[in-house]
Amino acid sequence: MRADPTSVVFPDVLRRRGSLNERMRSCPLSDLETFANVLSEQAGGVLRVTLNRTGALNAIDSVMAAQLREIWVLAQQDPEVRTIVLAAAGVEAFCIGFDRADPPLPVLGWVPITPKECGVAKRVIVTVNGIACRESFRFLRDADVVLAAPNASFFEPSADWGPSCDDVPTMRNPLTASRAQQRGLVHDVVPLASLRSVSARLAAPSS
């Protein structure tokens, strides 16, 4: 049985008080340089988190994985955060999974990266642009809503991502955004330029 990551990953973070913005400023990892690969902004009860390693197709390395876990723990503890929107910088890729050159370090034998895996019990919206493959499927599995741009493509899901199917998408035969929607992996396909505005509308308290 996996231990609750909110109690073991960042115990020092959990002892801090105040809003997420305040705690991020006081967190030892949250200076601008260290968090350059994971951007975050909070307003109106919505925390927007952006994967920002475009030069590596937003692959998750050991530093990014630790930053994501810390942000998720902080978000769960902050009553001001009601909804999380996860996005990615650039147009080429949402995320290609773990960085094979610098893979994330396991925590108690596994690598939690999604809000749900880190104990977050809040609404999560994921917006996908470009490539989504391997471990990034776990973000889609755990999201309440998945939006995709027409240029999104999905392939090579990790073995632990969840649903299984006989026709596993590959790099040579990926799922397009429309096919992913037909399979239920994506809830809606929206223009790339509208991903942010549509996700903001869905994240609004009245949605």
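I take helices and strands as DSSP runs, numbered from the N terminus. The model I consulted is a predicted one.

**Entry: Lys122**

I looked up Lys122 and found it in the loop between β4 (93-95) and β5 (123-128).

I next looked for backbone oxygens by the Lys122 side chain. That side chain reaches the backbone oxygen of Val81 at 2.7 Å, and one of its polar atoms lies 2.9 Å from the backbone oxygen of Ala75. Leaving aside neighbours within four places in sequence, I noted the contacts of Lys122, among them Gln76, Pro79, Arg82 and Asp144.

**Entry: nonpolar cores**

I turned to the largest nonpolar core, which holds 40 residues. Those touching the most other members include Ile60, Trp72, Phe94 and Phe154. Among the elements giving two or more residues to this core, I listed β2 (46-51), β3 (83-88), β4 and β5. The largest share, 6 residues, comes from α4. Another core, of 11 residues, lies apart from it and includes Val46 and Leu202.

**Entry: the open sheet**

I traced an open sheet of 4 strands in the order β4-β6-β8-β9, with mixed pairing. β4 and β9 (175-176) stand at the edges with a single partner strand each, so one side of each has no neighbour in the sheet. Strands β6 (residues 131-134) and β8 (residues 153-157) run parallel and are joined by 4 bridges. I located Ala132 opposite Phe154 in β8; Phe154 also belongs to the largest nonpolar core.

Technical notes. Residues are numbered from 1 along each chain as its sequence is written. This is a predicted model: local features need pLDDT of at least 70, side-chain atom pairs count only at pLDDT 80 or more; totals for chains, interfaces and linings use all residues. Side-chain values use heavy atoms; hydrogens and water are left out. A polar contact is a pair of N or O atoms within 3.5 Å; within protein, one must be able to donate a hydrogen and the other to accept it, and residues adjacent in sequence count only if both atoms are side-chain atoms. Contact means heavy atoms within 4.5 Å. A nonpolar core is a set of buried Ala, Val, Leu, Ile, Met, Phe, Trp, Tyr and Cys residues joined through side-chain atoms within 4.5 Å. Buried means under 20% relative accessible area, exposed over 50%, partly exposed in between (1.4 Å probe, protein chains only). Two strands pair if DSSP finds at least two bridges between them.
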